[in-house]
Amino acid sequence: MQPALLDRTPVLPPYPPPGALEAWGWVWDHVQVDFLEGRLYAGESGWHLDRRVVPNALGVLVVEGRSVWRIGQRSLVASRGDLLLVPEGVPHGAEPSEGPVRLFSIHFTARVLGTQCLLLVLGFPMVTRGGHYGDEVRELVRLSTRRPAGWRQRARALVME
């Protein structure tokens, strides 16, 4: 099932319809995934993130509050339970929040043939609503923070999932 689509930058091609995903099967056989880190950000009213570009993909789960993000040329509103996906190399930042904000962020790479970001190749939606990935993102942050035995393998599997 395709996640709910809200908005995407012009650099992202359209996400393939479910029937067409079979034609993209070769992509999954050539994806290299690495989980880099996970963090919790908590900010009071006025929290913001200066516009930046990072060399990896980024997932941001809004746990509490509401924030306005600028990803590429688009402005997106993210509220509790929303997951933002930012492909590697795409400029992004968050405007000052109106109230307290809590976010989980995960940094990862998912590259096709070791070069192209999977999020760009398949045109993943930039925002999914409804908290479908909340448990996985929380677990990734926990693994990154505590680093139990086998944490990297578990984290890679969660990112692929």
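**Close-up views of a predicted model**

View 1. Helix α3 contains 13 residues. From its first C-alpha to its last it reaches 18 Å, close to the 18 Å expected at 1.5 Å a residue. Its buried residues are Gly-134, Val-137, Glu-139, Leu-140, Val-141, Leu-143 and Ser-144. These buried residues pack against β1, β3, β6, β8 and α4. Arg-147 follows α3 and has a positive phi, near 50°.

**View 2. Leu-140 and its contacts.** Leu-140 is one of the buried residues of α3. Leaving aside neighbours within four places in sequence, Leu-140 touches Phe-35, Ile-106, Ala-155, Leu-158 and Val-159.

**View 3. The largest nonpolar core.** This core has 28 residues. Those with the most contacts inside it are Phe-35, Ile-106, Phe-108, Leu-118, Leu-119 and Leu-140. At least two core residues come from each of β1 (31-43), β3 (57-64), β6 (83-86), β8 (101-112), α2 (118-122), α3 (134-146) and α4 (151-160). Strand β8 gives the most, with 5 residues.

**View 4. An open sheet of 4 strands.** The strand order is β2-β7-β4-β5, and the pairing is antiparallel. Strands β2 (49-52) and β5 (74-79) stand at the edges. Each has a single partner strand, so one side of each is left without a neighbour in the sheet. The twist averages 20° from one strand to the next.

**View 5. The pairing of β4 with β5.** Strand β4 (residues 66-71) runs antiparallel to β5, and 6 bridges join the two. Trp-69 stands opposite Leu-76 in β5.

Definitions and conventions
Residues numbered from 1 in each chain as written. Predicted model: local features only at pLDDT ≥ 70, side-chain atom pairs only at ≥ 80, totals over all residues. Heavy atoms only, no water. Core = buried A, V, L, I, M, F, W, Y, C linked by side-chain atoms within 4.5 Å. Buried < 20%, exposed > 50% of the residue type's maximum accessible area, 1.4 Å probe, protein only. Contact = heavy atoms within 4.5 Å. Expected span 1.5 Å × (residues − 1). Pairing = 2+ DSSP bridges. Axes fitted to C-alpha atoms, helices over the stretch in contact; angles between N-to-C directions.
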